[in-house]
Amino acid sequence: MAETTDSSCVYKNPDAPVEARVQDLLSRMTLQEKIGQVTQIERSVASHDVLTDYFIGSVQSGAGSWPFEDAKSSDWADMIDGFQRSALASRLGIPIIYGTDAVHGNNNVYGATIFPHNISLGATRDADLVKRIGAVTALEVRASGIHWTFAPCVAVLGDPRWGRCYESYGEAAKIVSEMSSFISGLQGEPPEEHPNGYPFLAGRNNLIACAKHFVGDGGTDKGLSEGNTIASYVDLERIHVAPYVNCISQGVCTVMASFSSWNGSRLHSDYYLLTEVLKQKLGFKGFLVSDCDGLETISEPQGSDNRNCVKLGINAGIDMVMVPFKYQQFIEDLTDLVESGEVPMARINDAVERILKVKFVAGLFEYPLTDRSLLPTVGCKEHREVAREAVRKSLVLLKNGKNDDKPFLPLDRTAKRILVVGTHADNLGNQCGGWTKTKSGQSGKITIGTTLLDAIKAAVGDKTEVIYEKTPSKETLASCEDFSYAIVALGEPPYAEMRGDNAELTIP
């Protein structure tokens, strides 16, 4: 879409300062339009009428919520551009911002380049590589029409029993902070004179990032997902807040609140942490988004007294609320709360200003539709080479043979017979893990790629015999002397979030 140059509306003038555009547009908006902007709904309920009648500000895909199975990036772009045209048809023509969980590449989209998960990237200790992964991810996500990824997770891992520990870069705040270079890869690197905390996006090939989950999600007691982080503020700041300082200095556009609690206080309603610490002390000027149905977690039992949850969450500092399916109830409750004075109009204006600021910074008003010239980058050779480099650098060698004088690796590719066994030796989905195609991931041939067995067969000499058995038979084990060596590939099945909480830390 060509740039709009209607100078009678300051907000439509691409040459006007961002803050002037924000204030001009805000002054033209009704309460209904403002509440629409703070509302994020799920793709599957985002019809033309819903987007225009409710002035919806954002649409998202939950992991595994595709246009259709194995939809390609162009199919995603068709769908999202359709939503965008609906949003632009509303009275003020405010574009939607479309978000997805692209947490290790554009992992919901068939054929995209998939990268190792964060725990492996932390093992590389290579912040420049992680930044390049961010740049590659940005191109492939933007090619599908998406503007925003709910990444990176900058949780500092306190307990490996936590089901999301693979989403963390590691257990040292310093390493997590360094690996947040991913944000500069996604968004581009702000110039030195860029004001600290102000959202930044370099251009149309860049992607809006989201630092999550604020704050302490990796430090919960016993490693329970959505649990309670028991810590003094000094320790919380030293360990869990520390990476956010680095994220904010890179101009991260959005931050997501955590499902977890801090000393019994639910993060989604913690005014001190969300407003006084994040926005005031750390100077974060972008917008704060809830986690999926996050406001429901404020009440006990969860999901009860929706109106009070909305009141507490918005007043605590949540700017945009993920209400994938219950958006009508949310809009009704928030409208009532503003009209009764229980949520101040100033709080709504602040939330909308922050959301509009990111939309203007991201160029969504000038370029709301997908740049189709990016489509050839998806899964291209150059991108897969970056992924391969990440795999190589992430491998951790625990021991190389029984003594240092005779290293066991590298293996002899001309060996006569090799035995390959294990649940992960010939299973692409197991290699990919969670947040791949669906939220919890899937076993089997879920996408395009090379299994370990495929790679071994490709790497060995012409005369080498490769025997594969997922679970070796007694006969095979009895004839071990017939093999030069065995390669065993073990691991966990794919999972996400609390499904991965494991009190015993056993490998199946």
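Three strands, taken in the order β13-β12-β14, make up an open sheet with parallel pairing; strands count as paired if DSSP finds at least two bridges between them. Helices (H or I, at least four residues) and strands (E, at least two) are DSSP runs, numbered from the N terminus. At the edges of the sheet lie β13 (465–469) and β14 (485–488), each of which pairs on one side only. On average, neighbouring strands of this sheet are turned by 20° against each other, direction ignored. The structure is a predicted model, in which local features need pLDDT of at least 70 and side-chain atom pairs count only at pLDDT 80 or more, while totals for chains, interfaces and linings use all residues. Residues are numbered from 1 along each chain as its sequence is written, and side-chain values use heavy atoms, with hydrogens and water left out.

Within the sheet, β12 (residues 417–421) is joined to β13 by five bridges in the parallel sense. One place to look is V420, whose bridge partner in β13 is Y468. Helix α16 (residues 452–459) lies across β12, β13 and β14 and runs at about 170° to β13. Here axes are lines fitted to C-alpha atoms, for helices over the stretch in contact, and angles run from 0 to 180 degrees between N-to-C directions; contact means heavy atoms within 4.5 Å.

Turning to helix α6 (residues 127–143), its 17 residues should span 24 Å at 1.5 Å a residue, and its end C-alpha atoms are 25 Å apart, which agrees. The expected span is 1.5 Å times one less than the number of residues. At the start of this helix, the backbone nitrogen of D128 has a side-chain oxygen of D126 within 3.2 Å. Buried residues of α6 include L129, V130, I133 and V136, where buried means under 20% relative accessible area, exposed over 50%, and partly exposed in between (1.4 Å probe, protein chains only). The buried residues pack against α4 (73–88), α5 (118–124), α7 (173–179), α8 (182–187) and α14 (381–394). After α6 comes G145, with a positive phi near 90°.

Another glycine, G219, sits in the loop between β5 (210–214) and β6 (228–229). G219 is partly exposed, its relative accessible area being 23%. Apart from neighbours within four places in sequence, G219 is in contact with V156, T229 and H240. The C-alpha atom of G219 is also 8.8 Å from that of W162, a residue 57 residues away along the chain.

How values were computed:
Polar contact = N/O pair within 3.5 Å; in protein donor to acceptor, adjacent residues only side chain to side chain.
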